[in-house]
Amino acid sequence: VAAQEVVKVGLILPMTGPFASTGRQVSAGAKTFIETHGDTVAGKKIELIIRDDAGVADQTRRIAQELVVNDGAKVLAGFGLTPLAMSVAPVATQAKVPAIVMAAGTASITKASPFITRTSGTLPQYSLPVGTWAAQNGIKNVVTLVSDYGPGIDAEKWFTKEFKAKGGEVTEAVRVPLQNPDFAPFLQRVRDAKPDAVFVFLPSGVGSLFMKQFSERGLADAGIKLIATGDVTDDDILNSMGKPSIGTITGHFYATAHDSPENKAYVEAFKKANDNMRPNFMSVGGYDGMALIYAALEKTKGDASGPAFMEAVKGLSWTSPRGPVSIDPETRDIIQNIYMREVKEVDGELQNVEFQTFEALKDPEKAEA
Ligand code: DHB
């Protein structure tokens, strides 16, 4: 019997460093897909090779090159932060190797190479509905606070555009460094200015520090509401944020508490395989990235060559733990529901509880162009 042909998938993630929680969640989500669906598709055995880039873009690119040239990886995936995803675009284009973005969220990433597709989401896609919600719920003036890089700029732009279009006013727009941000001067100023709300984007894992300082500096007590993208109330760390996070309103594509049979099965399988760790949106990006790889290979009958794979990706649709999703054939970005959620205590745990759905949203940044 001939040895079964193997398709190697190179998963490049920050497994160490300040964004290690992203790597831990994405890789666990990808593994959960393989555990629950088997390691074979269209006659090919899927082999995951997980590599740590420590969140450094030069490493991501070097590892991508090595995986393709030395290890014979047919698909690249992962990419925990926007600069890491961007650094791989030239490798994907030159080698004609598909790159599946499972985590990063800046809209422009999928424009950087025709071999890039995405199973996370874009910041414009899930910031815009927060602007709609705020304008429709009595919030008149807002101060924005974002991390000063791609996804933060996208979040600021699309929250503001939508909120203003619906009659709101943004009185100040603050950007903080991605690494070691200090929120104190900002929080002091905002408490004095007393806007109705603060809109925040910070990458996964950073929200706890912000929540602690927001509460300690008395902004909630001063009647200033916290609204954000769901990255801030990341389910990985939400329980540790404690009572000050209760009432925070966010928009995002996934909550552990999402009520569907697919999600119940996912959360159960994930927790069982990961020492009861709670799956967050990053894990679902990893899980669905594998779902996309399996569905594309089924469509090509096991042909993993870049052009055939990318053709197969366009228009794929499936039911994710987050709800129905599909791949926009024009942009290779994911079309998905965005949910408005409120942090609530449920059975002694803090949860992002969904209360409103914006259905089947495309990335608005590309619709605009
Ligand atoms: C990005 C990183 C995150 O941790 C996140 O929650 C959203 C976006 C990024 O770098 O694109």
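## Strand pairing and domain contacts

In the hairpin formed by strand 2 and strand 3, two residues lie between the strands, and A42 takes a positive phi near 45 degrees. The model described here is predicted.

Strand 2 covers residues 40–41 and pairs with strand 3 in the antiparallel sense, over two bridges. Within this pairing, V41 stands opposite K44 of strand 3. Strand 3, residues 44–52, is also joined to strand 1, residues 6–13, and these two strands run parallel with eight bridges between them. One of the partner pairs here is G10 with I49, the latter in strand 3. Strand 1 pairs in turn with strand 4, residues 75–78, again in the parallel sense and over four bridges. In that pairing V9 stands opposite V75 of strand 4.

| Strand pair | Sense | Bridges | Residues opposite each other |
|---|---|---|---|
| strand 2 and strand 3 | antiparallel | two bridges | V41 and K44 |
| strand 1 and strand 4 | parallel | four bridges | V9 and V75 |

These strands belong to an open sheet of six strands with the order 2-3-1-4-5-6, in which the pairing is mixed. Strand 2 and strand 6 are the edge strands, each pairing on one side only. Strands of a sheet pair through backbone hydrogen bonds, in either the parallel or the antiparallel sense.

The salt bridges come next. The count by the rule used is 21 salt bridges. One of them joins R118 and D333, whose closest N and O atoms are 2.6 Å apart. R118 lies in strand 6 (residues 116–118) and D333 in the loop between strand 13 (323–327) and strand 14 (334–346), so this pair ties together parts that are 215 residues apart in sequence.

The protein chain is divided into two parts: domain 1 comprises 6–121 + 259–332, and domain 2 comprises 124–252 + 338–368. Their C-alpha centres lie 27 Å apart. In the interface, 26 residues of domain 1 are in contact with 29 residues of domain 2. The area buried between domain 1 and domain 2 is about 1900 Å², and carbon and sulfur atoms give 53% of that area. On the side of domain 1, F19, R278 and F281 supply 34% of the area that this domain buries against domain 2, more than any other three residues.

Which polar and charged pairs cross between the domains? Across the interface of domain 1 and domain 2 the rule finds four salt bridges, and ten residue pairs are in polar contact. The elements giving two or more residues to the side of domain 1 that touches domain 2 are helix 1 (20–37), helix 3 (82–95) and helix 10 (281–299). Helix 1 provides the largest share of that side, four residues. By class, the side of domain 1 that touches domain 2 has nine nonpolar, eleven polar and six charged residues.

A further salt bridge in the model is formed by K362 and D328, the closest N and O atoms of this pair being 4.0 Å apart.

Technical notes
Residues numbered from 1 in each chain as written. Predicted model: local features only at pLDDT ≥ 70, side-chain atom pairs only at ≥ 80, totals over all residues. Heavy atoms only, no water. Domains from an automatic or database assignment. Contact = heavy atoms within 4.5 Å. Buried area = accessible area lost by both parts, 1.4 Å probe. Salt bridge = Lys/Arg side-chain N within 4 Å of Asp/Glu carboxyl O. Polar contact = N/O pair within 3.5 Å; in protein donor to acceptor, adjacent residues only side chain to side chain. Nonpolar A, V, L, I, M, F, W, Y, C, P; charged D, E, K, R; others polar. Pairing = 2+ DSSP bridges.
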